[in-house]
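Colleague: I would like a close look at one part of this model. Please keep it brisk.

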Amino acid sequence: MISRIPKTLIFAALLLTHISTFSQEKKDCATDCSCIISGVIMDASTHEPVPYATVQIKNSEKGVLTDEAGKFLFNKLCEKEFDIFISHLGYKSVIHHHDIYHPDLVVKLAPSDVILESIVIEGSSIETGLESMTESKISGKDLESMQNESLGDVLSNITGVSTLKTGQNVVKPMIHGLHGSRVLIINNGVRHEGQGWGQEHAPEIDAAMADNIALVKGAASVKYGPDAMGGVIIINPPKMELSTGHLHGAAGITTATNGRSINTDLLLQQGYKNFAWMGQVAGLYQGDLSAPDHILTNTGARELSYMFGSRYHHKKLDLTILYSHVEQTLGILRGSVVGNLNDLDIALKAKEPFFTESFSYDINNPRQEVSHDLVRLKGHYNFKDHQLNFQYGFQANTRQEFDVRRGSNNERPAIDLELFTHTFDLDWQHAQISGWNGTVGTQWLYQDNNNIPGTNTIPFVPNYNNNRFGIYIIESKALGSLDFELGLRYDYQSSSIRGRDTENDIYKQDLNYQSITGLVGVNAQLGKNTSFRSNFGTAWRPPNIAELYSYGKHEFTIDFGLWRHSTDEFGTPISSTDVLDQNQKPVDNELGFKWVNTFNHTTKEQSLEVTAHFNYLKGYIYSKPAGIAATVRGPFPFYIYDQTDAVFFGLDASYIYRHSTIWESQIKGSYLHARDVNNDDFFIGIPPNRISYELSHSKSLLGLDEFSAAFETSYTFEQFNSPRVITVAEINDAQLNGENLFQQDRSNFDFLPAPSGYLLMNLKLQGIVNQFVFGVEFKNILNYSYRDYTNRLRYFADETGFNMLISARYKF
Amino acid sequence: MTILKSNFLALLLLASAVFMTACSDDDAPEAENEEEVINEVTLTFTPVAGGTPLAFTYNDPDGDGTLTAEQDDIMLSANTIYSLAITLKNTVGGNNENITEEVKNEGIEHQIFFGWTGALFSSPTGLGNIGAGNQVNTLNYQDEDANGLPIGLATVWETATPTIGTFRILLKHQPDIKSASSSSEDGETDVDLQWNIEIK
């Protein structure tokens, strides 16, 4: 570790030299009336440029028309900010409060005959450092039609994204096969911190609160810090626009037949000259879901979330404050609880899950009750051509997990945790220096995790405090049609850990982790319609709390964390009652090296996007089978956390063909291959390959302003690259004969083979009249019974069957 | 709006308060009374006609850990009537938690099933009540729950002539599903142990 310190110093020195060059500042453009603003106006539906649109600066005589390419330019301006008014016949006009600090203004004008709102995209700060990264976005109409879906399910509409589920309510997004601590979520601008260490812990976020969700497929650690090995999910709240003129908002309701659920949401916002506010609330009430042949007992859910924000704008200063709250009660299939291997075997062979009862809204054990609160204060200050951004976020997260237990313990959570996180971000977007644009920033995170007493079981994870500091620089420069991007970051984390071992004795440890990450990228514009992006980035994360300290039975396996197991004199893995430490057993950071290449070709008729990705993970932490432990409940396979090296590579592709202004076809596909290169083995739970085809139709019809229909069919392949299968009977036989199944071969195994491939069909209809949007959606039209390889409850139950959703939305 | 703003302020204050207190903490989780684990099971056979009780114990010193458990072999006299009392404990680490009472109090959710090989007993006859459909086989249960259904912490056994075999006890947790027709294949397993047994 000591050998790394000089590198840090060099880095700091580099930063200082860099900052000192700012002293040679340019003159303020307002003093000599040389301020410039430019932008491009596009059609929001076709993404084609809109020529001859009128762009005016309000309260002035200045006005221009866009050129053939939809571009406009104002120069010789004496002010740095103003309201601009954009209009064109056949489009909804837009007023936008703009300043010179956002150089790349893009306005997507909505045709006046559709409900779509016009969208203004400022070259906003969130995108710096991601210019060469592949980004996908879900927004507007697409997001609105998924109001009752979990964040993970919403994201799985993007190629390369899949889900790791525990039943239907607990859904974790997976990017290119990585999830949990390897996918970073930026929620409302703040690193989302929750109990993400468990496979059965979904992010405590309500997708209904988002205005748009962006997904970055590259390793974006330089910008955001540790954990961004698979990618970053950026969830943005509705933007608080100034000068909206009147109260804006939307109210929606969705009901679904499967689960007999109701989902409602309301958004209100208004912007004045230098003040804006917004408020929104959403709720979900869901009963037991059903598979084609049986009810999924205890899969109800409740969700309540709300958010308030206000924005103050004064010349150079812009301040926003935001508060959001999410609370969820999530039922988990009752039939997924098993006591030992024989129970599991009986459950595997059963036609329907145990404890299956008739439909109910009740949520009993097992269930999770989680909440997440966020207060965020954010501001930016513009001076000369620089911008200073600062942000403070406070997050409070609680998690209670109720298991099926004996007696009054049934009323007590088996896991009861609270987590408080403070984050400070400060960054400086500097003015252009000899063609270089960039940002220098720092982040500080302080975290406090506590077990709440009263669970009547030894805490599964210890109490801990994390202190993390990071500093980074990202610079980009244009050379002809190429944009280059470079970045470097240093992070240091110290943790204090206090837990209880199996004998209720206290263990305490202090851990330090640090790492340097970097990125190199290029964004090439190859002609008018074609672009190519290539990005190579490194990422890191320290081992998480469960990977280090897990001990004992969890569902139907026994897990021992990296510091809770060792080997006996014969090299056989055994559990360790003493908690090991960094000296006895060094555990290094997990390091990721991800290379993402995206080719995009878009014309009026068609769009093609192909992304090839390759990720090498050094010190990849996973749990592998190590033996059979005899317990009072009978024999159990036990798993140990270990580190290996892994490669994940694959291809995402999407192709859209616009047959006419009415008909459109879309083909999407993703391929992924993952391998443990040290042991030449496959991992469990790698998402299978998938292809889908969608045909959509959009037209004004039957007195509706717009009528659209989309038919989607998707095929998910069987995961052929899955580990060997060892059945419960084989484990029991070996145990009876005194054989050790894992002595010779410690490769991964699964109790069942991966489920076979399946074909699903969905149909979505939508009609728009004035300010109303009505929708009907049919999911799994054929009511097909199937099991999903990346659903952890696939041993016990089928996925949900036919579902009809009816929705109505009013916008004003 | 002012109310909203003062809420934000209150939350910020709360945030900073938590932050201040959090900075100095190095507390370990409070000691929990471990009520989940059963690691010691004792079978006490007492001759009904009088005599010394015989206790046979299974003990897994580290619970879910990989240490091998110690298990006595059961040795009983031939042609003798025994009452059998089963006790369940958690003794991992410094614990000494008796879980027997808990199971008894929760009798309507628990049942112990028994299975054995060969002709070990003259009463009950058969091979026990483990397995789907076998719940109807008669055993000499001496205890019952609030609904009049057997629990199995107290039973009576009459040994046959000398022989050897195995004796299995299976404790099932059957919340809301224990009934006259529920079998050893319903619910979750809390204890599943097989003992070597010799009738001398």
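Which elements of chain A and chain B cover the buried residues of α5(A)?

Modeller: First, the ground rules. This is a predicted model: local features need pLDDT of at least 70, side-chain atom pairs count only at pLDDT 80 or more, and totals for chains, interfaces and linings use all residues. Residues are numbered from 1 along each chain as its sequence is written, with chains lettered from A and ligands numbered from 1 in the order in which they are written.

Now the helix. Helix α5 of chain A spans residues 341–349. Helices are DSSP runs (H or I, at least four residues), strands likewise (E, at least two), numbered from the N terminus. Buried in α5(A) are A:Leu341, A:Asn342, A:Asp343, A:Leu344 and A:Ala347. Buried means 20 or more other C-beta atoms within 10 Å of the residue's own; exposed means 12 or fewer, partly exposed in between, with C-beta atoms placed from the backbone. The cover includes β37 (634–658) and α7 (728–736) of chain A.

Next, the interface. It takes 55 residues from chain A and 50 residues from chain B. Two residues are in contact if their C-beta atoms, placed from the backbone, lie within 7 Å.

Finally, confidence. The model scores ipTM 0.81 and pTM 0.84. Chain B averages a pLDDT (the predictor's confidence in each residue, from 0 to 100) of 86, and 88% of its residues score at least 70. Where pLDDT is low, the predicted coordinates should not be read in detail.
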